[in-house]
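Subject: The structure, and what turned up in it

Hello,

Here is the structure I promised to pass on.

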Amino acid sequence: MGKSMNGRIVNNYSSFDVVFTSGNGSVLTDRNKKKYIDFTSGIGVNCLGHNYGPLVKAVQKQAEKEIHISNYYNSDKGIEFADRLLLLSGMEGVFFGNSGAEANEAAIKLARKYGWMRTHGEGTPNVIERNTIVTLEKSFHGRTLATLTATGQDVFHPDCFSPYPAGFKTIAAGDYDALKTFDETVCAVMIEGIQGEGGVNLIDADWAHACEKAARDCGALFMMDEVQTGMGRTGNLFAFQTLGLSPDVVTLAKGIAGGIPMGACLFRGKAAGVFVAGDHQSTFGGNPLACAAGLAVLEALEDRGFMDRVEQVGERIRNTVRSWNLPCIKDVRGCGLMIGVDVDGSCGNAAAIQKACLQAAPKGLCISTAGKFTLRFLPPLVITDSLIDEGLGILKSVLTAFS
Ligand SMILES: *Cc1c(COP(=O)(O)O)cnc(C)c1O
């Protein structure tokens, strides 16, 4: 990693040479007053865009009342947000953390304890340890050691961070034979509804159902990492609804509080009642400020017609990009406003196109990538039709230059 632009913030991100000072709606402004259309929304975090009135007001109001209390106590906003989230998701309990990795770490711990209870519980002979967590190739689950190990991409497992925790196994999405290998050593299977970081890979719904059934049949929990797909991204509040699945555990983060750091691990059925006092905790987790922001997000997402529009707008973007028939575009796919565009490597890699979009003038375009040859769009769910057209216009001229 090189030096970051100010030489002080660790440059783990190879950040671009841009300094943003403000944002409004789906437009960002940099230090030189240049404007950028935002098709990234902080990697799906700013689901309501920037400076969204009701969210800003909810945070302001809550900051004046109470920003944080210890989880030794309850807060009114914490109770209200948990109740609303559980009602809308059909889940029974929730653990609040501050990030996607933490939400998944909680799910992993929950799964391990669930497996342990099954083999070490009262009256159960301790024969075979049930502690393997199965995840998918090309998945992404976070950057802590356990969630990195769960991540099914070798590039995330360099030797320098070893040893990695044991008890993880990956299978390929779509591989029906792999489902037959699930046995009494498996405590959970965890999948993303659409793999975000791994390339905006859609998961076949029939296979996902078979995977859910295989997990259940072998006595394991079925868990979904909805850190990126959740909170309306796919045109439903959760991707498990889009796919018609009924996970025992669902993890959320990114858009959950519109930009205030928050993660959540939701559980139900067999997965409820596993965590007891002291099993898992977080100092900041679910503080009133984050919960007030989360409530403002749900309020907006529950608006009539909101989800239908996410679906329609996503469809329009995909159709528009396909209609260009540019030789450098190999595939366009996605669901709702989670969209991937594969580019032909002979035209340039995704990072080069991403950079050219950012540097476009007079206005730039912020897009994200997922792997070497996939452009990823995660615009604010509230992006207007005219800004979509303007953003796509910038993308088209950049891609035409690359073709
Ligand atoms: C971003 C992401 C994570 C990690 O979230 P952090 O908040 O960066 O820890 C985990 N899973 C998925 C599917 C993600 O997209």
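Not counting residues up to four places away in sequence, Phe20 touches Leu28, Thr29, Asp30, Tyr36 and Cys366, where contact means heavy atoms within 4.5 Å. Phe20 lies in strand 1 (residues 20-24); strands here are DSSP runs of E with at least two residues, helices are runs of H or I with at least four, and both are numbered from the N terminus. With a relative accessible area of 36%, Phe20 is partly exposed. On that scale, buried means under 20% relative accessible area, exposed means over 50%, and partly exposed is in between, using a 1.4 Å probe and protein chains only. Phe20 and Pro261 are 241 residues apart in sequence, and their C-alpha atoms are 19 Å apart in space.

Before you read on, please keep in mind that this is a predicted model, in which local features need pLDDT of at least 70 and side-chain atom pairs count only at pLDDT 80 or more, while totals for chains, interfaces and linings use all residues. Residues are numbered from 1 along each chain as its sequence is written, and side-chain values use heavy atoms, with hydrogens and water left out.

Now the chain as a whole. The protein chain has twelve helices and 17 strands. Its radius of gyration, taken over C-alpha atoms, is 21 Å, close to the 22 Å that the globule rule (2.2 Å times the number of residues to the power 0.38) gives for 403 residues, so the chain is as compact as a globular protein of that length. Along the principal axes, the C-alpha atoms fill a box of roughly 70 × 55 × 45 Å. Of the 403 residues, 53% are buried. Among contacts with a separation of 6 or more, 71% are between residues 24 or more positions apart.

For charges, there are 38 positive and 42 negative side chains, and the centres of the two sets lie 6 Å apart. Lys and Arg count as positive and Asp and Glu as negative, with His and the chain ends not counted; each charge is placed at NZ of Lys, CZ of Arg, CG of Asp or CD of Glu.

Which residues of helix 11 are buried? In this helix (residues 350-359) they are Ala350, Ile353, Gln354, Cys357 and Leu358. Seen down the axis of helix 11, these buried residues fall within an arc of 140°, so they line one face of the helix; the arc is that of the directions from the helix axis to the C-beta atoms. Their cover includes strand 3 (35-38), strand 14 (338-343) and helix 12 (385-402).

Three other buried residues may interest you.

- Asn104 is in helix 4 (residues 100-120) and is buried, with a relative accessible area of 1%. Leaving out residues up to four places away in sequence, Asn104 touches His141, Thr147, Met190, Asp225, Val227 and Thr251.
- Leu295 lies in helix 9 (residues 288-301) and counts as buried at 8% relative accessibility. Beyond its neighbours within four places in sequence, Leu295 is in contact with Lys77, Glu80, Phe81 and Arg84. Lys77 is 218 residues from Leu295 along the chain, yet their C-alpha atoms are separated by 8.1 Å.
- Phe238 sits in the loop between strand 10 (221-225) and helix 8 (239-243) and is buried at 0% relative accessibility. Its contacts, not counting residues up to four places away in sequence, are Leu85, Leu88, Ser89, Glu226, Gly230, Met231 and Leu252.

Finally, some backbone details. Most residues other than glycine have a negative phi, and most peptide bonds are trans. A cis peptide bond joins Ser162 and Pro163, with omega about 5°; Pro163 is in the loop between helix 5 (145-150) and strand 6 (168-171). Another cis peptide bond joins Ala361 and Pro362, with omega about 0°, and Pro362 is found in the loop between helix 11 and strand 15.

Ile43, in helix 1 (residues 41-44), has a positive phi near 55° and is partly exposed at 33%. Asn325 also has a positive phi, of about 50°. Asn325 is in the loop between helix 10 (306-323) and strand 13 (329-335) and counts as exposed at 68% relative accessibility.
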